[in-house]
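Hi everyone, thanks for coming. Please put the sequence and the structure side by side on your screens, and we'll walk through a few spots together.

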Amino acid sequence: MKPDTRTGGGPSQRMLRVGELVRHALADVLSRGDHIDPVLAGHIITVPEVRMSPDLKIATCYVMPLGGKDITPVIKALADNARRIRGELARRVELKSVPELRFRKDTSFDEGARMDALLRSPVVQRDLDALESGSEDATDPTSTDKETDAE
């Protein structure tokens, strides 16, 4: 896919707007609970993000079951029922054509937890404490190398 040159490679306003429209409609379809598939009926599924392709023909839907359990069977069930879900979306959104749906695991919660763990690490805490005390060593990237070499 070619990046959108108008915005420096990021999604266009139209892609963002259509993605949000599809996300809301998909969340509504999944929350109604009138599914044939027992896997989908047994889970509450959140849809934190939908990314649209530049031509708006493919919607990559990032989903996560509540509690993060059984993600693989939920993704498989969504993929198996994508045609039916797409039909439901067609009734809810006014678009020239309803995009093909692709379902992926949402990793934003994992990334947030990883960033939180990094920020709580002893090395970062040491640097933050040094900044608060006004030490110059915290801003010097070679300061940890000097300490390591001394040990």
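Let's begin with a question: where does Leu56 lie? Leu56 sits in the loop between E1 and E2. Those labels come from DSSP runs numbered from the N terminus, with H or I runs of at least four residues for helices and E runs of at least two for strands.

A word on what we are looking at: this is a predicted model, where local features need pLDDT of at least 70 and side-chain atom pairs count only at pLDDT 80 or more, while totals for chains, interfaces and linings use all residues. Residues are numbered from 1 along each chain as its sequence is written, and side-chain values use heavy atoms, leaving out hydrogens and water.

Back to Leu56. Its phi is positive, about 65°, although Leu56 is not a glycine. Leu56 counts as buried, at 13% relative accessibility. Buried means under 20% relative accessible area, exposed means over 50%, and partly exposed is in between, using a 1.4 Å probe and protein chains only.

Asp70 also has a positive phi, about 60°, and is not a glycine. You'll find Asp70 in the loop between E2 and H3, and Asp70 is partly exposed, at 43%.

Now the strands. E1 (residues 45-52) and E2 pair in the antiparallel sense over 6 bridges; pairing requires that DSSP finds at least two bridges between two strands.

On to helix H4 (residues 82-92). Which of its residues are buried? They are Ala82, Ile85 and Leu89. These residues cover an arc of only 65° around the axis, so they are on the same side of H4; the arc is that of the directions from the helix axis to the C-beta atoms. An α-helix has 3.6 residues a turn, so residues three or four places apart point the same way. The buried residues of H4 pack against helix H1 (13-32), helix H3 (71-80) and E3, where contact means heavy atoms within 4.5 Å. On the face turned away from that buried side, you'll see the exposed residues Arg83 and Arg91.
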